[in-house]
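Q: Hi, could you walk me through this structure? I'm new to it and would like to start with a pair of charged side chains.

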Amino acid sequence: MNQPVKQKYFRYGGALYPYELHIGGVKRLNLRIRSDGSIRLSVPRATSQRQIDAFLVRCGDKIADAVARIQANKSAPKPELPAAEQRAKKEQLLAIIQACHRNVILPRFAALNLPMTEEQRQFITSPTAIRIHPMKSRWGSCNVKKGTLNFNLYLIDQLPECIEYVVMHEFAHFVQPDHSPAYHALMTALMPDWKGRKAKLNAKN
């Protein structure tokens, strides 16, 4: 017997996500994000919409991150810029990141006065290295053990508030290396509107 399928939508972080709702045939809620970014949610037949909505909210960050990675992988420009243009863009983006570090990152961390190890404090104050290069599926990454940061060259084409969000996102990982609730709480303390900035970044790409 075919399972009933409905086309539904849910809103998270300012973005609207379509999903297929498959009813019946499973014992627990089962979320799948396909390689093309489409979302399938299978639920037991007796599941209420309220339970579905609550489940999707709990999975919101996972869905947003996965869809953003897939979209970035599809739409990120190919690294075919002439060498001189790449150097110019790298210098421009590095200057923006350094200004963000000086004017946004450091003051906000200082205002929170978080308990940190000496190594964490050192990496936030003065990262070991900031590298910029074309990246296919990420806007940024960090190595919390070495204190290094990597940023996508094409971040230079994003809105200033989105660049600030990505930079804050990576620096916050020096304190919370995962994407746990504690990490999201830290991001909210450091940048209360980070979800809106993230939604803008995802919507533009």
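Q: How do the side chains of Glu-20 and Arg-34 meet?
A: Glu-20 and Arg-34 form a salt bridge, at 2.9 Å from N to O. A salt bridge here is a side-chain nitrogen of Lys or Arg within 4 Å of a carboxyl oxygen of Asp or Glu. Glu-20 is in strand S2 (residues 15–23) and Arg-34 is in the loop between strand S3 (30–33) and strand S4 (39–43), so the pair ties together parts 14 residues apart in sequence. Helices (H or I, at least four residues) and strands (E, at least two) are DSSP runs, numbered from the N terminus.

Q: Where do these numbers come from?
A: This is a predicted model, where local features need pLDDT of at least 70 and side-chain atom pairs count only at pLDDT 80 or more, while totals for chains, interfaces and linings use all residues. Residues are numbered from 1 along each chain as its sequence is written, and side-chain values use heavy atoms, with hydrogens and water left out.

Q: Got it. Is Glu-20 buried, exposed or partly exposed?
A: Glu-20 counts as partly exposed, with 24% relative accessibility. The cut-offs are under 20% relative accessible area for buried and over 50% for exposed, with partly exposed in between (1.4 Å probe, protein chains only).

Q: How many salt bridges does a search of the whole structure find?
A: The search finds six. Another of them joins Asp-157 and Lys-89, whose closest N and O atoms are 3.5 Å apart. That pair links distant parts of the chain: Asp-157 sits in the loop between strand S7 (148–152) and helix H5 (160–172), and Lys-89 in helix H3 (residues 83–112), 68 residues apart.

Q: And what does Lys-89 touch?
A: Leaving out residues up to four places away in sequence, Lys-89 touches Leu-81, Leu-153, Ile-156 and Asp-157. Contact means heavy atoms within 4.5 Å.

Q: Which residue does Arg-197 meet in a salt bridge?
A: Arg-197 pairs with Glu-164, at 2.9 Å from N to O. Arg-197 lies in helix H7 (residues 194–204) and Glu-164 in helix H5, so this pair ties together parts 33 residues apart in sequence. Salt bridges that share partners also join Glu-164, Asp-193 and Arg-197 into one network. Arg-197 is buried at 10% relative accessibility, and Glu-164 is partly exposed at 24%.

Q: Let's switch to helix H1. Which of its residues are buried?
A: In H1 (residues 49–58), the buried residues are Ile-52, Phe-55 and Leu-56. They cover an arc of only 100° around the axis, which puts them on the same side of H1. The arc is that of the directions from the helix axis to the C-beta atoms.

Q: What's on the face turned away from that buried side?
A: That face of H1 carries the exposed residues Arg-50 and Arg-58.

Q: Stepping back, what does the secondary structure of the protein chain come to?
A: There are seven helices and seven strands. From the N terminus on, the elements run β-β-β-β-α-α-α-α-β-β-β-α-α-α. The C-alpha atoms fill a box of roughly 60 × 45 × 25 Å, taken along the principal axes.

Q: Last one: how much of the chain do buried residues make up?
A: They make up 44% of the 205 residues.
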